[in-house]
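Biologist: I would like to learn how to read a model by its features. Could we take them one at a time?

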Amino acid sequence: MASPGSPVVLGIESSCDETGAGLVRDGKLLGHAVASSMDEHARYGGVVPEIAARAHVHSLTPVVHRALDEAGLTMADIGAVAVTTGPGLSGALQVGLAGAKGLAYGLGVPLYGVHHLAGHVAADTLEHGPLPNPCMVLIVSGGHTSLLLVRDLARDPIVHLGDTLDDAAGECFDKVARVFGLPYPGGPAIDRAAREGDPKAVAFPRPLTGPRDDPYGFSFSGLKTAAARWAERHTGQELPVADGAASLQEAVADVLTRKAVAACKEHGVGTLVVVGGVAANSRVRSLAEERCQKAGIALRVPPLRLCTDNGAMIAAVGDLLVRAGSAPAPLDLSIDPSAPLEYAALHPVARAARAAAATAA
């Protein structure tokens, strides 16, 4: 049973192919569980939205109960519910939101909408404590690559210094892995193959690192194409996959960490936080550590279990919002599958409801 104090926040994540539930109170992770439908998507080489949505329907309730069991809590101990409302797959988000609304209504507790990427940022607090104000955050995942200046995550707007112009880093890994004949998901497969390769074997380009380029923008489409062209030149002969994987991984890690450290220096920020699924990549982690140490910058990276999508990170944002006194979401809370990251809280209202309110006014 939960002790007196801040409420226990249940977080629900269902933006893609992981169904996650986590329980957080006062910045402490009490329990969490994740169910993945990744194996069902692997045969198609990528996430199939309909399969993901159906998997969430089947997994949501069991995952919530597993998280409660791990924490030694019951439904009656939940004091607030937080849920991902965007960005993500529309059907998948709808399943999570419907479940969260039902739980919040049934338990008589407040509901909070959370931006998925803010969840990744908050995941680090569950391992390393409150974020320094300010801090630099590098988000690297399958669909997003961004450099952010973060102050108070629960209260302040999030400042974008740079975002990806096309393919994100994780998307580049996935697409190149397919060309190399490696399995889905591509990120872990590239990482494994790279262990046996030479990172200097192939001179892959470092996109947007020229003196006239956007200093903090990212572009991995050209790198993806360069890797595909390199593979094509080996048609009819054995492809040196390990060297290609190691060289590709080095190029991605080089660009990400070079820009992140430069941003810290320019803005006088002493802490870099690297989050998202690609933060689990071994070379990204090691090169970030090497360059931060040389520059005198503190590096924070969540443990591997909190890098990929999970409900604990959504609960962490909900916990911050509750303790900051933020207003709960309205009853007509909806989803926004393409929501930009502006604030940690994301409380979109359905278009029909907005139109009706405007008409009434």
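Biologist: Where is Pro-185 found?

Modeller: Pro-185 sits in the loop between helix 6 and helix 7. Helices (H or I, at least four residues) and strands (E, at least two) are DSSP runs, numbered from the N terminus. Residues are numbered from 1 along each chain as its sequence is written, and this is a predicted model. Local features need pLDDT of at least 70, side-chain atom pairs count only at pLDDT 80 or more, totals for chains, interfaces and linings use all residues, and side-chain values use heavy atoms, with hydrogens and water left out.

Biologist: What is the peptide bond from Tyr-184 to Pro-185?

Modeller: The bond from Tyr-184 to Pro-185 is cis, with omega near 0°. A cis peptide bond also joins Asn-133 and Pro-134, where omega is about 5°. Pro-134 is in the loop between helix 5 (125-128) and strand 6.

Biologist: Which residue other than glycine has a phi near 50°?

Modeller: Asp-26 has that positive phi, near 50°. Asp-26 lies in the loop between strand 2 (18-25) and strand 3 (28-36). Its relative accessible area is 36%, which makes Asp-26 partly exposed. The cut-offs are under 20% relative accessible area for buried and over 50% for exposed, with partly exposed in between (1.4 Å probe, protein chains only). Leu-208, not a glycine either, has a positive phi of about 55°, and its place is the loop between helix 7 and helix 8.

Biologist: Is Val-24 buried or exposed?

Modeller: Val-24 is buried, with a relative accessible area of 0%; this residue is in strand 2. Not counting residues up to four places away in sequence, Val-24 touches Pro-7, Val-8, Val-9, Leu-29, Leu-126, Ala-312, Ala-315, Ala-316 and Asp-319. Contact here means heavy atoms within 4.5 Å. Val-24 and Glu-196 are 40 Å apart in space, C-alpha to C-alpha, and 172 residues apart in sequence.

Biologist: How should I read a pair of packed helices?

Modeller: Two numbers describe such a pair: the angle between the axes and the distance between them. Axes are lines fitted to C-alpha atoms, for helices over the stretch in contact, and angles run from 0 to 180 degrees between N-to-C directions. Helix 4 (residues 116-123) and helix 11 (residues 311-323) pack at about 90°, with their axes 7 Å apart. They are therefore roughly perpendicular; angles of 65 to 115 degrees count as that, under 35 as roughly parallel, over 145 as roughly antiparallel and the rest as oblique. Helix 4 contributes His-116, Ala-118, Gly-119, His-120, Ala-122 and Ala-123 to the contact, and helix 11 contributes Met-313, Ile-314, Ala-316, Val-317 and Leu-320. By class there are 8 nonpolar, 3 polar and no charged residues. Ala, Val, Leu, Ile, Met, Phe, Trp, Tyr, Cys and Pro count as nonpolar, Asp, Glu, Lys and Arg as charged, and the others, Gly among them, as polar.

Biologist: What are the angle and axis distance for helix 6 and helix 8?

Modeller: Helix 6 and helix 8 pack at about 10°, with axes 10 Å apart, which makes them roughly parallel. Cys-172, Lys-175, Val-176 and Val-179 of helix 6 meet Leu-223, Lys-224, Ala-227, Ala-228 and Ala-231 of helix 8. That contact has 7 nonpolar, no polar and 2 charged residues.

Biologist: How many aromatic pairs does the structure hold?

Modeller: There are 3. Rings of Phe, Tyr and Trp (its six-membered ring) pair if their centres lie within 6.5 Å; planes under 30 degrees apart count as stacked, over 60 as edge-to-face and the rest as tilted. Phe-180 and Trp-230 are edge-to-face, at 5.6 Å centre to centre and 65° between the planes. Phe-180 is in the loop between helix 6 and helix 7 and Trp-230 in helix 8, 50 residues apart. The rings of Phe-204 and Trp-230 have centres 6.1 Å apart and planes at 85°, so this pair is edge-to-face. Ring pairs join Phe-180, Phe-204 and Trp-230 into a cluster.

Biologist: How many residues are in the largest nonpolar core?

Modeller: In soluble globular proteins, nonpolar side chains tend to be buried together. The largest nonpolar core here has 48 residues, and Phe-180 and Leu-272 are among those with the most contacts inside it. Such a core is a set of buried Ala, Val, Leu, Ile, Met, Phe, Trp, Tyr and Cys residues joined through side-chain atoms within 4.5 Å. Helix 9 (241-267) is one of the elements that give two or more residues to this core, and its 13 residues are the largest share.
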